[in-house]
Amino acid sequence: MIILENVSKEYKNGVHALRDVNLTIEDGEFVYIIGPTGSGKSTLIKLLDGEEIPTLGNVIVENTNVGKLRHSKVPIYRRNIGVVFQDYRLLPKLTVFENIAFALEVIGMKKAEIRQRVREVLELVSLQDKAKSFPGELSGGQQQRAAIGRAIANHPKVLIADEPTGNLDPQKSQEIMELLEKINEVEKTTIVMVTHDSTIVDRYKKRTICLEEGYIVADIMKGGYLKHE
C-alpha cells in the first residue's frame, strides 16, 4: 500500500512542487498520474522512490516511511520498487538477458535462480527470441519491454512507470499498455504510471489522479466516479 499524508514538497529555489497531498493507493491497483507540466508528477515519483524527501508530511510505501530512511538504507528500500523510464536506461554493452540478470545479481541472488527468473521474465515480456541481442539491436518498443522486464525481475511490490509510452508510436504504446496490464494481473504488482497520453488514459480506463500546481484536483475511479476533488 502507498500512503501520502499531508505531503508538501518545496525545493530550495522556492518552487512548491506538491501541496498538502493526501493519497492512498491499495495493493494491486493500477493508477495513472496525469497533469500539465509543472503540476508535481515528477516530484511525486521522486518521493515514492526515495530520490527526494517531503518537506512536510509522510510518504509510506509498503509500511516504510520513505522520507525517514537513512541515505544508506535507500538502495535496500528500492529493491521493492521497480522504476521504468521513458528513455529505457538499458546498459548498452549487455545483452537483454544480461540487463535483466544484472538487477538480480546486485541483490545477491544465486546464479541458477537468476537464470530461471530471467527466463520467466523474458517470456512475460515476449522477448525470448531477443535474449542475446544488445539494446542497440532492438526497436524502441522492444527496448521498453526489456526495461520493464529488468524493473520487475526481483518481484517488486510497486512498479513506477514514468511516461513509458512517451517515445513510442500508437501501436507500440498499445503493446506496452497490454504488457503493464499483464504484469498487474499476473505478478499482482501495484502500478503507478505517469502519462501525458490522453488516448491511453481514455482507452485503458484506470483510476486517474490529476495534479495541478501541486494539488490533487481530481481522483477519478475506473468507472468514472469522482472520488476526491
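Trainee: Which residue in β2 does Ile3 stand opposite?

Mentor: Thr24 is the residue in β2 opposite Ile3. The model is predicted, and local features need pLDDT of at least 70, side-chain atom pairs pLDDT 80 or more, while totals for chains, interfaces and linings use all residues. Residues are numbered from 1 along each chain as its sequence is written, and side-chain values use heavy atoms, without hydrogens and water.

Trainee: What makes β1 and β2 a pair?

Mentor: Strands are DSSP runs of E, at least two residues, and helices are runs of H or I, at least four, numbered from the N terminus. Two strands pair if DSSP finds at least two bridges between them. Strand β1 (residues 2-10) and β2 have 6 bridges, in the antiparallel sense, so they meet that definition.

Trainee: Why are β2 and β5 called edge strands?

Mentor: The open sheet has the order β2-β1-β4-β5. Both β2 (16-25) and β5 (64-65) pair on one side only.

Trainee: Which residues of α4 are called buried?

Mentor: Buried means under 20% relative accessible area, with exposed over 50% and partly exposed in between (1.4 Å probe, protein chains only). In α4, Ile114, Arg117, Val118, Val121, Leu122 and Leu124 are buried. They cover an arc of only 155° (taken from the directions from the helix axis to the C-beta atoms), so they lie on the same side of α4.
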